[in-house]
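Please keep the model open while reading.

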2 protein chains.
Amino acid sequence: MELTLAIKNGLILTMDEENRVIENGLVGVLDDKIVYVGEEKDFSANEIIDAKEGIILPGLINAHTHVPMSLFKGLAEDIPLKKWLEEYIFPIEKRLNPELVYTGSLLSCAEMIMSGTTTFCDMYFFEDEVAKAAKKAGMRCLLSEGLFDFPSPNYGHIEKGYEYTEWFIEKWREDPLINVAVGPHTPYTCSEAVLKKAKEISEKYRVPIIIHLAETKYEIDQIKQKHGKSPVEYLKEIGLICPRLIAAHCVHLSKKDMQLIKEGDVKVVHNAECNMKLASGISPVPDMIEMGICVAIGTDGSASNNNLDLFQEMDTVAKLHKISKMDPSVMDAVSVVKMATINGAKALGMEDIIGSIEVGKKADIIILDTNTAHMTPLYNPFYGIVYSATGSDVTHSIIDGKVVMKERKLLTVDLDSIIKEAKSWAAQIKKWLS
Amino acid sequence: MELTLAIKNGLILTMDEENRVIENGLVGVLDDKIVYVGEEKDFSANEIIDAKEGIILPGLINAHTHVPMSLFKGLAEDIPLKKWLEEYIFPIEKRLNPELVYTGSLLSCAEMIMSGTTTFCDMYFFEDEVAKAAKKAGMRCLLSEGLFDFPSPNYGHIEKGYEYTEWFIEKWREDPLINVAVGPHTPYTCSEAVLKKAKEISEKYRVPIIIHLAETKYEIDQIKQKHGKSPVEYLKEIGLICPRLIAAHCVHLSKKDMQLIKEGDVKVVHNAECNMKLASGISPVPDMIEMGICVAIGTDGSASNNNLDLFQEMDTVAKLHKISKMDPSVMDAVSVVKMATINGAKALGMEDIIGSIEVGKKADIIILDTNTAHMTPLYNPFYGIVYSATGSDVTHSIIDGKVVMKERKLLTVDLDSIIKEAKSWAAQIKKWLS
């Protein structure tokens, strides 16, 4: 067997249909693809990574982020959302520029790679800069320029937003890592015309639609007042409830809403830590999973989380729903790991190429160190991943067959220099707000 | 200024009464004590630690643990408490022995030191082995042998439990690091006689009493049925509500219970992650803090958490109460850091010697690396600590003036060998259960 890359001596969690776990496993990679998954056998490879009895699992998928916002994390906390937005975020976003967005995105890419995320799904402004940062870092992503009725710091008027989106889709169409979607912001910040146009662009280019949906009570009240129905019912009415819709949050849902989401095969992204921190509410995730709805996991922007560590997010997801339902058997560990891997892939329309370690899929793989005090003993790798691990346990990250982090060292990004640039932007942001 | 140890070039969070934060700070240590806290000035020292612009803060205090149980973490998860206890924990505890307890404790000490905890408060069996492990690791602790009506794997009959406790108190009386308390398990596993005898021993030796209190609905129902009142009211009646009582969990409390806790100056230990994971309920912590009750933080045993990382616990504490109260301003970051430092010291009756970085206190200090992607930018150190950091950001740990971890390397424990021993015990435990 001739390989470009071999990963050996680890416990492989394939996350395939049968949830196969392979002890003393070997993953063989040829160029960007996985060509062998199984027990160790003879091979020759250009590069060999020894997993040192750690866990080999699919790279995690952060299905909802705003990566440039890493530069705003910790600016102000423990205050009501309105005050945070009006006194901190909006004044900064008025002065937003491509350089800031690029730096924030590259900082987030560094953080994501170092904590085991290999794919992310984003919405923000100047999103082409996010694409450039992801490309530099070697990350896979699905990106969208936020569209709404107000003037945007990037494109200005919404008509230019449509143009930007189409240009953005076409620009990256052939790229192996960068994927582009349409990004209508929310049902209450977008007019019906914007929402319908977003759907139209999505159909024209066969790309996903990313939206925030039913996040807060405020949104529910707004939409009910204006349209006499729930946000989900409203989107159904105007044709947006469809398999290409990736709906973040979905906190406040009626039974009927969930039924519409199920029938429409809408993909849901759960942001547990952000919903807790902003006191938005608790999404009925166990109910949706029981109904067969595809639910993935996102961190949301790190300004409202405040990190991009999906291992911590998995832990919180498991615990939040146990306490919410007063039942310790709710949200078992395997289901939670699925949410952060194969469900994330399905949500992003990428289940044919990522989300599990299977022959024929792209080689997006991470290795978790288990030779630590907090991961010892390891009776069951799923329990270890969800309840004991954090992102800092990740030692290696491979994306599209390329090693982007090796023994905790980033190979695609100069970490010290991006930290320095981020600090310089932070000083600038403090000046803007003073 | 002549020092044995100097820590320079960091942002000092003193956690003193005025909550002073000192930029470019210096902490001077002479033997076991802090002799200088302030801006950098001339000094000579045997050892100098450069904090590299990181955060210098008091070592964290884990106010409720069962450290030997690290060997049971991840054995079984996502099942009801009764099944977990009856099918896994009780059968193992029948075969408990000093060697297993020592290994599990040393493994936990390694994990705690590496994640920034310098003091812990424990209850289990063969607790003298926990003392030996803490002594070996160089950790400060308050330990108690669990007392109850059933036969104990250590002392057998309860009468021997009293003897063991008194012997244990006397054995470590003069030790600078090891402190011993009395440990009546719960109001429903201890008869009134056991509870009263525990109080008597506590008064005789002027040591704290550690108890689990009002953790589950089951407990409330049991006590109500037997005594016609709440567990707190029952303890009040028999004389246990007092300043020396350290009450873990306190999940299910009435207004009257909280009033009794306040009047009695009982110390409460909040175990947010464990209460979520076991679906026990949500402790009314914000209400207790508003009433002026001293609330500290514990992880509980790592078999029900599943790690001993107080940074993750702080994050969860902040978020859990925001969502529970549907108010993002509840449980602000400074209050949460206080819970894990100075409140922990008060809870353990050690506020004169630890819990803050102040001249005259013992040198229990940790340093947090902030030159990482997830800690950049750092607009406010409290937000960084609570919302962005994890225990793996800790680079140095100093306990009683002695450096026990330096640049993430444990100096008191051979990590590889303790991991190896723990794995060997895990194999044995699996055999016992098969």
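The model is predicted.

Strand β7 of chain A, residues 117-124, pairs with β8(A) in the parallel sense, over six bridges. Within this pairing, A:M123 has A:S144 of β8(A) as its bridge partner. Helix α3 of chain A, residues 127-137, belongs with these two strands: β7(A), α3 and β8(A) make a right-handed β-α-β unit.

β8(A) also pairs with strand β9 of chain A, residues 178-180; the sense is parallel and there are three bridges. Here A:L142 stands opposite A:N179 of β9(A). A further parallel pairing, over two bridges, links β8(A) to strand β10 of chain A, residues 183-184. In that pairing A:L147 stands opposite A:P184 of β10(A).

In chain B, the place to begin is strand β7, residues 117-124. Eight of the eight residues of β7(B) are buried, so this strand is largely enclosed by the rest of the structure. Strand β6 of chain B, residues 60-65, pairs with β7(B) in the parallel sense over four bridges, and B:I61 has B:T119 of β7(B) as its bridge partner.

β7(B) is also joined by six bridges to strand β8 of chain B, residues 140-147, and the two run parallel. B:M123 stands opposite B:S144 of β8(B). With helix α3 of chain B, residues 127-137, the strands β7(B) and β8(B) make a right-handed β-α-β unit.

How values were computed: Residues are numbered from 1 along each chain as its sequence is written. Chains are lettered from A and ligands numbered from 1 in the order in which they are written. This is a predicted model: local features need pLDDT of at least 70, side-chain atom pairs count only at pLDDT 80 or more; totals for chains, interfaces and linings use all residues. Two strands pair if DSSP finds at least two bridges between them. A crossover is right-handed if, with the strands pointing away from the viewer, the path from the first strand over the helix to the second runs clockwise. A residue is buried if 20 or more other C-beta atoms lie within 10 Å of its own, exposed if 12 or fewer, and partly exposed in between; C-beta atoms are placed from the backbone.
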